Amino acid sequence: MRVLLIGANGYLGRFVADRLLADPAVQLTVLGRGDDADVRFDLASGSPGALTRFLDAVHPGVVVNCAGTTRGGARELTRHNTVAVATVCEALRRSGCGARLVQIGCAAEYGPSQPGSSTAEDAVPRPGGPYGVSKLAATELVLGSDLDAVVLRVFSPAGPSTPAGSPLGRLAEALRRAMQSGDGELKLGGLGIQRDFIDVRDVARAVHAASLSAAQGVINIGSGRAVRLRDAAAVLARVAGYGGSLHELDGPPGPSGPVRPVLGHPRPDPDHVAPVGHPYPDGCGSWQQADVRTARDRLGWRPRINLEESLADIWMEAACRI
């Protein structure tokens, strides 16, 4: 089976590439903007016609799209998360390759959910920010394309190579700095948020399973369990061997209610004013938890890697910077 992978240099894409390369039945071709791609192509600015000609030449059986961005303003998010997917869908419609499309979506498409609830695929999406809107628009393009396609809505990925700017990445960096400087007290803000963390290697397994399956529509990929960030912080501290104490900070009330310092401000320096803002600006409120029964039933997939192992890998990389 020839698989065309788009976005292999991204956080999720590199693990998807590793998983696909480990399958001897897969012939992998990488398309992307980097010099190390087999074919250089920018989905946000390239034409569907040019991509169609490449698809007809390579004739993949599956196209996996891991490309996209989590940062930038609404215009940049739309270009890289929505226009890019429109290009892929149009090129596949024009091509004679008949490839199956596996699109990587995001739980931010759902927006806030009721604390204590599990979000299933039939929930009405109400994204709370431009990133979620751009990803939801991409999902709607895929679902309306009449292609053989599946969208994997990935909840909060964790594990090796976790971006330093993510909540878990900032937690690890805060611990690293505290241990490096000998601080016996670590003050963090915004630890009440609860998210469904899923190891990035389990995400890659789900992509592989989806590539081989006939499942269509939207499928949630998560652990099925919401974890409070303060609990993740405690586990990370234990894994790191941090002997100090953890304290949660709440900022003074503002016009919109309590304002929390950005998670990861590590030094209790009264002369230093911590920047303020939402510690997890995904537009998903205080709670997210996936209903993952569809992934089990239609992909034969279950998460294998627990959060403690994911956090240990995050800390391993952070500790190397000490």
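## Salt bridges overall

The structure holds 14 salt bridges, a salt bridge being a side-chain nitrogen of Lys or Arg within 4 Å of a carboxyl oxygen of Asp or Glu. Keep in mind that this is a predicted model, where local features need pLDDT of at least 70, side-chain atom pairs count only at pLDDT 80 or more, and totals for chains, interfaces and linings use all residues. Residues are numbered from 1 along each chain as its sequence is written, and side-chain values use heavy atoms, with hydrogens and water left out.

As background, side chains of opposite charge can pair when their charged atoms come close. One group here goes beyond a simple pair: E90, R93 and R94 are linked in a network of salt bridges.

## A pair inside α5

R176 bridges to E173, with the closest N and O atoms 2.7 Å apart. Both sit in helix α5 (residues 167-181), 3 residues apart, which is about one turn of the helix. Helices (H or I, at least four residues) and strands (E, at least two) are DSSP runs, numbered from the N terminus.

How accessible are the two partners? R176 counts as buried because its relative accessibility is 10%, while E173 counts as partly exposed at 22%. The cut-offs are under 20% relative accessible area for buried, over 50% for exposed, and partly exposed in between (1.4 Å probe, protein chains only).

## Helix α6 and its two arginines

R201 pairs up with D313, and the closest N and O atoms are 2.7 Å apart. Since R201 lies in helix α6 and D313 in helix α9 (residues 307-319), this pair ties together parts that are 112 residues apart in sequence. R201 is partly exposed, with a relative accessible area of 25%.

R205 also lies in helix α6 (residues 200-212), and it forms a salt bridge with D202, the closest N and O atoms being 2.8 Å apart. The two are 3 residues apart in the helix, so about one helical turn separates them. R205 counts as buried at 12% relative accessibility, and D202 counts as buried at 0%. Leaving aside neighbours within four places in sequence, R205 is in contact (heavy atoms within 4.5 Å) with R19, W301, R302, P303 and R304.

## The buried side of α2

Which residues of helix α2 (residues 48-58) are buried? They are G49, L51, T52, F54 and L55. These buried residues pack against strands β1 (2-6), β2 (27-32), β3 (39-40) and β4 (62-65), and also against helix α3 (74-94). After α2 comes H59, whose phi is positive, near 55°.
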